[in-house]
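Biologist: I'm new to this one. Could you take a close look at a single part of the sheet and talk me through it?

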Amino acid sequence: MKFIIPSILLTFVIVFSIQSESFAQKKKETIIIKTSAQCEMCEKRIEDAVLSVKGVSAADLNVKTSDLKVVFNNTKINADAIRQVVSKLGYDADSVKADHDAYHKLPTCCQKPGHHH
Ligand SMILES: [Cu+2]
């Protein structure tokens, strides 16, 4: 009986230290955002804008698939805020639709075919 309470406490200490360790590792997060990018101009435009966001350490857009890979510190920025940045440039970002005005300011070649609104 004497050992039960100390061992429960020890268990808590171990569990807590494991959690805080994995929490620290979770700071760096990688996501793939599906965009409506069409060409290299879109690629540069999106990568430059996303890279300038505080907390983002890497942004790489694949023109063939329109997938944008972003590495960021999730204590400084979150995935939705990054999707908003992409939307404000005139591109869809996953379920976040392109900002209407920004989309219509894009060069025609950068506008997604069949896009109406
Ligand atoms: Cu383009």
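Predicted model: local features only at pLDDT ≥ 70, side-chain atom pairs only at ≥ 80, totals over all residues.

Modeller: Residues are numbered from 1 along each chain as its sequence is written. Strands (E, at least two residues) and helices (H or I, at least four) are DSSP runs, numbered from the N terminus. Strand β3 covers residues 67-73, and β1, residues 28-34, pairs with β3 in the antiparallel sense over 7 bridges; two strands count as paired if DSSP finds at least two bridges between them. Further along that pairing, I32 stands opposite K69. Then there's β2, residues 56-62, which is antiparallel to β3 over 6 bridges, with L61 opposite L68. β2 and β3 make a hairpin with 4 residues between them, and S66 in the turn has a positive phi of about 65 degrees. Put together, you get an open sheet of 3 strands in the order β1-β3-β2. β1 and β2 are at the edges with a single partner strand each, so one side of each has no neighbour in the sheet. As for the two faces of β3, L68, V70 and F72 are on the covered one, and D67, K69, V71 and N73 on the uncovered one.

Technical notes. Buried ≥ 20, exposed ≤ 12 C-beta atoms within 10 Å, placed from the backbone.
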